[in-house]
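Good morning, colleagues. I would ask you to look at the model on the screen while I go through its cores, one of its sheets and its salt bridges.

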Amino acid sequence: MNILGDISTETFLSEYWQKKPLLIRNAFPDFEPPVDPDDIAGLSLDEDVESRILIEDVDKQSWQVRHGPFSEQSFTELPKENWTLLVQAVDHWIPEFADLLEQFSFIPSWRRDDLMVSFAPKGGSVGPHYDLYDVFLVQGMGQRHWQLGPKCDDNTKTLPDLPVKILESMNVEHEWTLNPGDMLYIPPSYAHNGVAVNDCMTFSIGFRAPSEADVLQGFTDHLAAELNNDQRYTDPALKSAEDSPAFIDDDAIERFRQILQQNISQESQLKKWLAQTMTEPKYEELHQPLEEELEWEDIESLFKEATLLTQNETSRWAYFKDEQQVCLFINGQTQAMAESKNAQELAQHLANARHVNIEDITSYLTEPDCQNLLLDLINGNYLYFEG
């Protein structure tokens with residue numbers, strides 16, 4: 001299914017991705033959401049689920065934010081209109097939403113963040129605002145009216161003394177009402193405001209975008225941890241400083257620049273840091289390995305009985321190649337594996353698809369290196385059997 005409608009993936013990436021918004025009518029034909037509002041409200045009662053409710057006082061132009069976990073009574077105390085329930089990472093809890101993310105495979109999976117569900121009665125919204133990441137907004141139920149404005153930056157004014165960032169004003173350049181199955185793509189920094197026309201649910205698919213400051217700090221911290229403290233600044237060709245001992249000369253600057261350049265230019269370390277960082281789980285506590293480790297004999301028969309191997313919804317996968325060696329990372333950790341060609345191929349196969357047909361990997365199941373890889377991934381609860 002092409003969720004981009006009449007637009008090809010190549011056209012979307014070259015003309016719209018991080019460049020301009022795009023409305024796609026009927027991106028998901030005959031769309032039936034896998035949850036209803038009661039399901040989402042039920043999730044917000046769980047202390048392991050991140051949730052919040054935003055309540056707008058339209059007359060006073062003020063906002064109130066309440067953080068979960070909520071109780072059933074919390075919902076009886078809400079006004080009839082002008083509020084929104086937001087529940088994060090619903091794809092961790094409901095496999096159908098993890099499958100929905102697979103429809104966006106034209107964007108690297110390590111860039112995905114999570115899928116947030118918002119429910120709102122008439123008038124509910126989170127106010128005019130902008131995000132610093134790409135987002136696809138899929139209308140799941142009811143109708144939501146969207147207004148889009150220009151790109152914003154640090155100089156864009158927001159309303160003071162509010163618990164959320166709300167734009168002081170927004171010049172509306174586009175507006176549409178979305179129906180179930182419609183989808184809106186909004187690039188980073190574009191002003192937008194979605195208001196519920198009636199009881200509605202919207203599914204937001206966001207993407208990770210570390211700041212340049214995070215990249216610099218994260219990578220240099222990673223490099224520093226890898227270095228030996230005995231490696232020190234040296235200046236064997238030092239020239240006399242008698243005339244100006246406090247002066248930092250160009251030679252000293254060059255020596256320090258070389259220290260930075262030699263370390264920052266290590267491509268293998270950059271790959272390792274990037275894979276580790278982009279697979280770090282958002283909610284680390286939600287993922288646990290199996291309580292009792294299994295042996296190959298315990299699971300061998302399951303490869304004949306089940307139809308699919310599925311990535312756990314709480315796992316994030318990425319890999320890179322270092323001198324043709326595949327380096328697999330899951331949830332911020334490197335996955336040990338043999339260097340055999342088949343083990344390397346199998347690792348890539350498992351990383352690139354949330355669901356893998358067991359029929360497609362039967363040729364690997366007799367090789368000990370592949371058996372060890374599969375056993376480690378199943379014991380780590382990164383993979384499970386379906387069907």
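This is a predicted model: local features need pLDDT of at least 70, side-chain atom pairs count only at pLDDT 80 or more; totals for chains, interfaces and linings use all residues.

Let me begin with Phe 136. Beyond the residues within four places of it in sequence, Phe 136 is in contact (heavy atoms within 4.5 Å) with Phe 12, Trp 17, Phe 104, Phe 106, Met 183, Leu 184, Tyr 185, Phe 203, Ser 204, Ile 205 and Phe 207.

Residues are numbered from 1 along each chain as its sequence is written, and side-chain values use heavy atoms, with hydrogens and water left out.

Phe 136 and Phe 12 have the most contacts inside the largest nonpolar core, which has 42 residues. By such a core I mean buried Ala, Val, Leu, Ile, Met, Phe, Trp, Tyr and Cys residues joined through side-chain atoms within 4.5 Å. Buried stands for under 20% relative accessible area, exposed for over 50%, and partly exposed for values in between, with a 1.4 Å probe and protein chains only. Strand E11, residues 200-207, gives the most to this core, with four residues; helices (H or I, at least four residues) and strands (E, at least two) are DSSP runs numbered from the N terminus. A second, separate core has 28 residues, including Leu 309 and Val 326.

Turning to the sheet, three strands form an open, antiparallel arrangement in the order E8-E7-E10; strands pair if DSSP finds at least two bridges between them. Strands E8 (174-178) and E10 (190-196) are the edges, each pairing on one side only. Six bridges join E7 (residues 144-151) to E10, and Gln 147 stands opposite Asn 193 in E10.

How many salt bridges does a search of the whole structure find? There are 13, each defined as a side-chain nitrogen of Lys or Arg within 4 Å of a carboxyl oxygen of Asp or Glu. Lys 282 and Asp 113 form one of them, at 3.5 Å from N to O. Lys 282 lies in the loop between helices H7 and H8 and Asp 113 in strand E5, so the pair ties together parts 169 residues apart in sequence. Both residues also belong to a salt-bridge network with Asp 114 and Arg 208.

Finally, Arg 354 pairs with Glu 313, the closest N and O atoms being 2.8 Å apart. Arg 354 counts as buried because its relative accessibility is 5%, and Glu 313 is likewise buried at 14%.
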